[in-house]
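Good morning, and thank you for the time on today's agenda.

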Amino acid sequence: MRSRLGQSRAWYLIAALATLMAGLVSRSLGLDKSHFIVMYVGDVLWAGLIYYLLRWIQPKLRARTSALLAAAFCLAIELQQLSQAGWLLELRSNKMMALVLGHSYSSADLLCYATGIVLALLLDNFCRQKKHPLA
């Protein structure tokens, strides 16, 4: 029988992978860059992914602490987009790094990140309250 901690880690890994896949799909639908899904949904999902990855790495952290750490991480990533340092531009030229680091600062992204973290936290709390088999 798996431990409760092992089950929690499995749940967070599954949630992270599902969120990652949904985010990649949202970026590959072939929609115009000004489409709502392309502009906002990916950022919401990205922040939820960060929350789930933090919960997977440190499942003993309180959910609220994980949410705050995820928000701090997302804020740091968004703020680094204000920098046009050569080494950052070089990193951003790599497609995978561009998915992580982004390209340009947008205050709307901060709202998306907050939304994604809150939604992930609510789903996490719901599953733990309902005693989901994996959560």
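Please bear in mind throughout that the model is predicted. Its largest nonpolar core has 21 residues, and those with the most contacts inside this core are Trp-46, Tyr-51, Tyr-52, Cys-74 and Ile-117.

I now turn to the helix pairs. In general, two packed helices are described by the angle between their axes and by the distance between those axes.

On the H2 side, the contact is made by Trp-46, Ala-47, Ile-50, Tyr-51, Leu-54 and Arg-55. On the H3 side, the residues are Ala-63, Ser-66, Ala-67, Leu-69, Ala-70, Phe-73, Cys-74 and Ile-77. By class, this contact of H2 with H3 has twelve nonpolar residues, one polar and one charged.

The next pair is H2 and H6. Here the axes come within 7 Å, with a crossing angle of roughly 50°. H2 and H6 are therefore oblique to each other, and H2 passes H6 in a right-handed crossing. The contact of H2 with H6 has 14 nonpolar, three polar and five charged residues.

The remaining pair is H3, residues 63-80, with H6, residues 107-129. Their axes come within 10 Å and cross at roughly 160°. H3 and H6 are therefore roughly antiparallel to each other. The crossing in which H3 passes H6 is right-handed. From H3, the residues in this contact are Ala-63, Arg-64, Ala-67, Ala-70, Ala-71, Cys-74, Leu-75 and Glu-78. They meet Asp-109, Leu-110, Tyr-113, Ile-117, Leu-121, Asp-124, Asn-125 and Arg-128 in H6. The residues of the contact of H3 with H6 divide into ten nonpolar, one polar and five charged.

Let me now consider some individual positions, starting within H6. Leaving aside neighbours within four places in sequence, Asp-109 is in contact with Asp-43, Glu-78 and Ser-104.

Leu-110 is also placed in helix H6. With a relative accessible area of 28%, Leu-110 is partly exposed. Not counting residues up to four places away in sequence, Leu-110 touches Leu-75, Glu-78 and Tyr-105. The C-alpha atoms of Leu-110 and Ala-63 are separated by 20 Å, and these residues are 47 residues apart along the chain.

Ala-108 has its place in helix H6 as well, and at 30% relative accessibility Ala-108 counts as partly exposed. Ala-108 and Asp-43 are 65 residues apart in sequence, and 9.6 Å apart in space from C-alpha to C-alpha.

Two positions in other helices complete the survey. Arg-9 has its place in helix H1 and is partly exposed, with a relative accessible area of 33%. Its C-alpha atom and that of Trp-56, 47 residues away along the chain, are separated by 5.0 Å. Leaving aside neighbours within four places in sequence, Arg-9 is in contact with Trp-56, Ile-57 and Pro-59.

Finally, Glu-90 is found in helix H4, residues 86-92. At 58% relative accessibility, Glu-90 counts as exposed. Glu-90 and Ala-63 are 27 residues apart in sequence and 35 Å apart in space, C-alpha to C-alpha.

Thank you for your attention.

How values were computed:
Residues numbered from 1 in each chain as written. Predicted model: local features only at pLDDT ≥ 70, side-chain atom pairs only at ≥ 80, totals over all residues. Heavy atoms only, no water. Axes fitted to C-alpha atoms, helices over the stretch in contact; angles between N-to-C directions. Helix = DSSP H or I, 4+ residues; strand = E, 2+ residues; numbered from the N terminus. Parallel < 35°, antiparallel > 145°, perpendicular 65-115°, else oblique. Left-handed = near helix turned anticlockwise from the far one by under 90°. Contact = heavy atoms within 4.5 Å. Nonpolar A, V, L, I, M, F, W, Y, C, P; charged D, E, K, R; others polar. Core = buried A, V, L, I, M, F, W, Y, C linked by side-chain atoms within 4.5 Å. Buried < 20%, exposed > 50% of the residue type's maximum accessible area, 1.4 Å probe, protein only.
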